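Hi,

Here is the model I promised to pass on.

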Amino acid sequence: MSAVDQVRVPQEPKFAGTIVKSVFFTPAGAIAVTVILLFAVIAIFAPWIAPHDPRAQSFLSVNAQPSSTYWLGTDQFGRDVLSRLIYGSRNSLIIGFLSPVFAALIGGTLGVLAGYFGGIIDRVVTRIIDMLMAFPELLLAILIAAALGGGFWNVVIVLTVAFTPGFARVARATTLSVKEEPYVEAAIAAGVRTPMIIVRHIVPNISAPIVVLLTLWTASAIRLEATLSFLGIGTQPPAASWGNIIREGLSNMFATSWPILTAGLAITIVVMAISIIGDTMRDALDPEIN
Amino acid sequence: MARYIFVRLLDSIPTIFLVFTLVFIALRILPGDPAIAVLGDYARPESIARFREQFGLNDPLWLQFLKFLKDMVTLNFGNSFTKGVPVMDLIKYNLPYTIELTIVAMLIGIAGGIPLGVWAAINRNKAPDVGFRTFSLIGYAIPDFYLGALLLIIFALNLGLFPITGAGSGFAERMHHIVLPATTLALLKIAFIGRLARTSLLEVLGKDFVRTARAKGAREPRVIYRHGLRNALMPLSTGLGLSVLSTLSGSVAVELVFNRPGLGRLLIDAISERDYPVIQAGIIIFASIVVVVNLLMEVVYALIDPRIRVK
C-alpha cells in the first residue's frame with residue numbers, strides 16, 4: 001500500500017438523505033406532501049375528474065347556487081365552478097412549477113459561472129442581480145407583462161425573469177464558499193479539468209440550498225401567477241386559472257361568492273403546503289435557524 | 001454622514017438608468033406596434049403613418065431613446081392615449097391614494113407585528129407562539145387580493161359596515177374607506193414583521209451578553225427590551241424596508257379589489273387599454289419610489305449601525 005492511498009480524501013457532505021427524511025418523516029411535512037400529491041393528481045386527471053366542460057356556458061343556469069348537478073354552483077356565464085377550479089389547477093400549478101425550474105437553471109448557471117470564475121463576469125452579473133433584486137417581483141413581472149401581454153408561455157417567461165436574479169445570487173454566494181472547501185482544492189490540485197470540477201464538485205454541493213429555494217419559490221410563483229391572472233395580465237379567459245376565477249368572481253360577487261371563496265382557498269392551501277415543505281427542508285439543512 | 005449619503009445617491013444613478021433602459025426596451029422593441037394598439041387592427045395606413053410621425057416612432061432607435069431619457073428625467077410624460085389628459089395630472093391625482101394606503105397599512109403592521117412577535121418569542125413553543133406561527137404561516141400563503149375579497153364580502157357586502165368601492169372625500173370618509181384595504185395589507189404585514197421580530201429577538205436572546213445580563217441579575221423585562229429588542233432592531237429595520245416595498249406592490253391588487261383610485265389601478269387599467277404613455281410613466285414612478293425607498297433604507301442602516309458608514 002503506497003502512501004498516497006492512505007491520505008484521507010476530503011469528504012463531501014450528503015444532503016439528499018437529510019432532505020428526504022425531514023420532509024417525509026415529520027408530521028407537518030408528510031401532510032403537506034400528501035396535499036400536494038392530491039392537487040397534482042387532480043391537475044393531471046382533470047378531464048376525468050371534472051364533472052362538466054369548464055368552458056361550457058349554460059344560460060339556463062346562470063349564477064346557480066351549489067346543487068347536486070353543480071357542486072359549487074355556476075358563474076355569471078353558467079359555467080360549472082368546480083370544473084373551472086379543477087382545470088384552473090392545471091394552469092396555476094404547471095406555471096408555478098415550470099417557471100422557478102427555468103429560473104433555477106438560468107440563474108443557477110449564471111451564479112455558478114460568476115462565483116467560480118470571478119473577474120469581469122462576476123462584476124457584471126452581480127451588478128445586474130443587485131439592480132433587479134431591488135425591485136419587488138410583482139413590479140418586475142408587471143413591467144414585462146405590460147410589454148408581452150398575457151397567455152401561458154408569456155406568464156412563464158415573466159415569472160422566470162422575475163425569479164432568475166434570486167437564484168443567481170444564492171448560487172453565486174454558495175459557489176464562492178464551496179470553492180474554498182478542501183475537496184474542491186483537492187480536485188484542483190489533482191489536476192481535474194474545470195468543467196469537471198464544476199459539474200462533479202460544485203453543482204452537487206450547491207444544489208441543497210437551490211432545491212430549498214426552488215421549493216419556497218414555487219409557492220411564490222403560484223401566488224404570483226394568481227396575482228397576475230387576477231390583475232388581468234396573466235392567464236387569459238376563457239382558459240381558467242385560480243387567479244382569473246377570482247377576477248371574474250369579483251365582478252359578479254353580488255350574485256354568488258362561491259368562485260372567489262373556493263379558488264382563493266385552493267391557492268392558499270397549495271401555497272401553504274409548499275411553504276411547509278420548503279421550511280421543513282431548510283430547517284433540516286440549517287438547524288440553527290428557527 | 002453627508003458624504004455617505006452622497007455616495008449612495010451617486011450609486012443609485014446606474015440603477016435608475018437601467019430601469020429607464022428596461023422600460024424603453026420592453027415597450028418599444030418587443031412585439032406589438034403601439035400605433036396599431038392604439039388605433040386598432042383595421043386603422044387606415046395614413047392614420048398609422050400620421051400617428052408614427054406624431055410620436056416620433058419613425059426616428060432611429062437611439063434618437064428615440066435619448067428623447068425618451070430626456071422626457072423621463074424632466075417628468076414630461078405626454079398625454080394619455082385614451083383619456084387625452086396629461087399623464088402627470090393622472091399621476092398627481094392617483095399617487096396620494098397609494099401613499100396613503102401604504103402608510104396606514106405599514107403603521108398598523110408595525111404596531112401589531114412587533115408586539116406580537118416579541119410576545120411569541122418570549123413564550124417560545126407555548127400557546128401564544130404556536131398560535132402566532134400558525135397565523136403567520138397563513139399570512140404568508142394567502143394572496144393579498146383573496147384576503148381583500150374575503151374582507152370585502154364579509155364586512156362590506158354582507159354586514160354593510162364599510163363602503164364597497166371608491167376612496168371617499170374628506171378626512172373622515174377617506175378613513176372609513178381605507179379601513180378594509182389597509183387592514184388587508186396590514187394583516188399580511190403583521191404576519192411578516194411579527195415573524196421577523198420573533199426570529200431576530202430569539203437570535204439575540206441566545207447570545208452570550210444576554211446570558212451575562214441574566215447572570216448579573218437583570219430583571220426579565222430589562223433583559224428582553226434593553227438587551228434583546230434593541231439589538232434585534234438592525235435585522236428588523238432591513239425587514240421593514242422590504243416590507244414597505246412589498247406593501248407598495250401589494251397595493252396594486254388591493255386597489256383593484258376595492259375599486260380604489262391609486263397608482264396600481266392606473267397602471268393596470270393602462271395596460272389593459274394599451275395606453276403606452278401612462279404605462280411608461282406608471283412603471284417609471286413605481287421604480288423611482290423603489291429606488292428612493294432603498295436609498296432611505298441604506299441611510300437608516302447607517303444611522304443605526306455606524307460601522308456601515310466606514311465601509
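Some housekeeping first. This is a predicted model, in which local features need pLDDT of at least 70 and side-chain atom pairs count only at pLDDT 80 or more, while totals for chains, interfaces and linings use all residues. Residues are numbered from 1 along each chain as its sequence is written, and chains are lettered from A and ligands numbered from 1 in the order in which they are written.

Chain A has 12 helices and zero strands; helices here are DSSP runs of H or I with at least four residues, strands are E runs of at least two, and both are numbered from the N terminus. The C-alpha atoms of chain A fill a box of roughly 85 × 45 × 30 Å along the principal axes. Of its 290 residues, 49% are buried (20 or more other C-beta atoms within 10 Å of the residue's own, with C-beta atoms placed from the backbone; 12 or fewer is exposed, and in between is partly exposed). Counting contacts in chain A with a separation of 6 or more, 70% join residues 24 or more positions apart (a contact means C-beta atoms, placed from the backbone, within 7 Å).

Now for the helices. H5 (residues 81-117) and H10 (residues 194-231) of chain A pack at an angle of about 145°, with their axes 8 Å apart. Those axes are lines fitted to C-alpha atoms, for helices over the stretch in contact, and angles run from 0 to 180 degrees between N-to-C directions. By class, the contact of H5(A) with H10(A) has 18 nonpolar, five polar and one charged residues (Ala, Val, Leu, Ile, Met, Phe, Trp, Tyr, Cys and Pro are nonpolar; Asp, Glu, Lys and Arg are charged; the others, Gly among them, are polar). Among the residues that meet there are Phe97(A) and Pro100(A) from H5(A), and Trp217(A) and Glu225(A) from H10(A).

H11(A), residues 242-250, is mostly covered, with nine of its nine residues buried. Those buried residues include Arg247(A) and Glu248(A). What covers them includes H5, H10 and H12 of chain A, together with H7 and H10 of chain B.

Ile274(A) sits in H12(A), residues 258-285. Ile274(A) counts as buried because 27 other C-beta atoms lie within 10 Å. Leaving out residues up to four places away in sequence, Ile274(A) touches Ile36(A), Thr215(A), Thr218(A) and Ala219(A). Ile274(A) and Leu250(A) are 24 residues apart in sequence and 27 Å apart in space, C-alpha to C-alpha.

On to chain B, which is divided into domain 1 (2-73) and domain 2 (87-310), with bounds from an automatic or database domain assignment. The C-alpha centres of these two domains of chain B lie 32 Å apart. In chain B, 14 residues of domain 1 are in contact with 13 residues of domain 2. H1(B) gives the largest share of the domain 1 side, 10 residues.

Finally, where do the chains meet? 36 residues of chain B are in contact with 30 residues of chain A. The elements giving two or more residues to the chain B side are H1, H6 (127-141), H7 (144-158), H10 (220-257), H11 (263-273) and H12 (276-304) of chain B. By class, that side of chain B has 31 nonpolar, five polar and no charged residues.

Cheers

Technical notes:
Contact = placed C-beta atoms within 7 Å.
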